[in-house]
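Please keep the model open while you read these notes.

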Amino acid sequence: MVVPKVKLGSQGFEVSAQGLGCMGMSTFYGPPKAEDEMISLIHYAVSKGITFLDTSDFYGPHTNELLLGKALKGIRDKVQLATKFGISFAGGVRDIRGDPAYVRASCEGSLKRLDVDCIDLYFQHRIDTKVPIEVTIGEMKKLVEEGKVKYIGLSEASASTIRRAHAVHPITAVEIEWSLWSRDVEEEIIPTCRELGIGIVPYSPLGRGFFSSGAKLVESLANNDYRKSFPRFTGENLEKNKIIFENISAFASSKGCTPGQLALAWVQHQGNDVAPIPGTTKIKNFEENIGALSVKLTSEEMKELEAIVSSGGVHGDRYADMDFTWMKSETPPLSSWKGI
Ligand code: ATR
C-alpha cells in the first residue's frame with residue numbers, strides 16, 4: 001500500500017500518516033535490541049513509506065539517538081526526524097529542564113549524535129515548571145532561526161502551555177498519549193491544537209502493546225521493563241482491564257483485522273492532522289501496524305468501539321507518577337523570570 005502523508009501544523013511539515021516510535025529499540029522495554037537488526041528495521045520501514053521517525057535524547061539516555069544516527073546514513077533525505085530534549089539525567093538523577101542554556105546544549109548534543117545538520121521536528125519532551133514557557137520557546141525559536149531545527153513541538157503540555165508557547169513561535173506538533181484508553185486529551189488539548197492549527201502526534205497508540213497482546217504482554221515482560229510499574233498493568237487494575245482487550249478482540253474479529261490494528265485504526269481515524277507513532281522492534285509487528293492504515297471505520301463503528309472500551313472503565317493511571325505529565329505542566333509567568 002502507498003502510505004498516505006499528513007501535514008502537521010500550518011508551516012508545511014509533511015510526514016507519513018503513521019510514524020515509527022524508536023524508543024523500545026534501546027531502552028525502557030526490556031534490554032536494548034541488536035543494533036544491526038534495528039537499523040534493518042528502520043530501513044525496512046522507510047522503504048515501505050513509514051518515514052516519520054521519533055526518538056529523544058532521554059532514550060538511553062543517548063543510545064537511541066546514536067542508533068538513529070547510524071540508521072540515517074544514506075537515507076537522511078527520505079525521513080522526517082523528530083527528537084526531544086528536556087529530561088536530564090545528569091549524575092543518574094532525573095530532572096526536567098527548559099532553561100535556555102540547557103535547550104541549546106541539548107540541541108547541539110542531539111545534532112552530533114544523530115550526525116545531521118538539522119532536526120526536522122524538535123520537541124520539548126517534558127515541561128519545566130520552573131521556567132516560563134516563553135523563555136524555553138524563545139530559545140527554540142533561535143534554533144530555528146539558526147537553521148538547526150526546522151519545526152518545533154511540545155510533548156505532554158497542557159492547553160494553556162500550548163497556547164502560550166504558540167504565541168512566541170508557531171508550534172507545529174504536540175506529542176501526547178492518545179489511544180482508546182487514554183482519551184482525557186480530547187477535552188482541552190486536542191481542541192486547542194485544532195483551534196491553533198497544530199498537528200498531533202499520538203504516542204503509545206497501542207496502549208504500550210496492550211491492545212496488541214492483552215494481559216499476555218504483561219506476563220512476558222522482562223524484569224527491567226518499565227511497564228511493570230504502570231498502574232494499568234498491575235494487580236487488580238490489570239485484572240479489570242483484561243475485559244478491554246477481550247472486547248476489542250471480539251470487535252476486531254468481526255472486522256477481519258487484529259485488535260492492535262483496530263486500536264491503531266481508531267487513532268488514525270482521528271483526522272488528517274494526526275500521525276501516531278506505534279513503537280516496534282520487529283518486522284512482523286511493523287507489518288501488522290502498517291496494515292492498520294487499510295482498516296476503515298465508520299463513525300458508528302468508532303463510537304461503538306469507544307463505548308465498549310469505556311463501558312467497564314479504564315483502571316489505573318497512565319504512569320505511576322502523573323507529576324511528569326501535562327496535568328502538571330503550568331509554568332510561571334514570564335514577568336517572574338530572573339534566569340538561573
Ligand atoms: P510506545 O509509544 O510506548 O512505544 P505503543 O506504540 O503503544 O507504545 O506500543 C509499543 C509496544 O507494543 C512495544 O512493546 C511493541 O513490542 P515489539 O517491539 O515486540 O513489537 C508492541 N507492539 C507493537 N506492535 C505490535 C504488534 N503488531 N504485535 C504485538 N506487539 C506489538
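1. Start with the sheet. Seven strands form an open sheet, ordered E3-E4-E5-E8-E9-E10-E11, with parallel pairing. Strands here are DSSP runs (E, at least two residues), and helices are DSSP runs too (H or I, at least four), each numbered from the N terminus. Two strands pair if DSSP finds at least two bridges between them. The edge strands, E3 (19–21) and E11 (199–203), each pair on one side only.

2. A word on the source. This is a predicted model: local features need pLDDT of at least 70, side-chain atom pairs count only at pLDDT 80 or more, and totals for chains, interfaces and linings use all residues. Residues are numbered from 1 along each chain as its sequence is written, and side-chain values use heavy atoms, leaving out hydrogens and water.

3. Strands E10 (residues 173–177) and E11 run parallel, joined by five bridges. Val174 has Ile200 as its bridge partner in E11.

4. Now helix H4. Just after H4, Gly147 takes a positive phi of about 80°.

5. Finish at Leu154. Contact means heavy atoms within 4.5 Å. Leaving aside neighbours within four places in sequence, Leu154 is in contact with residues including Phe123, Ile133, Ile137, Ile162 and Val174.
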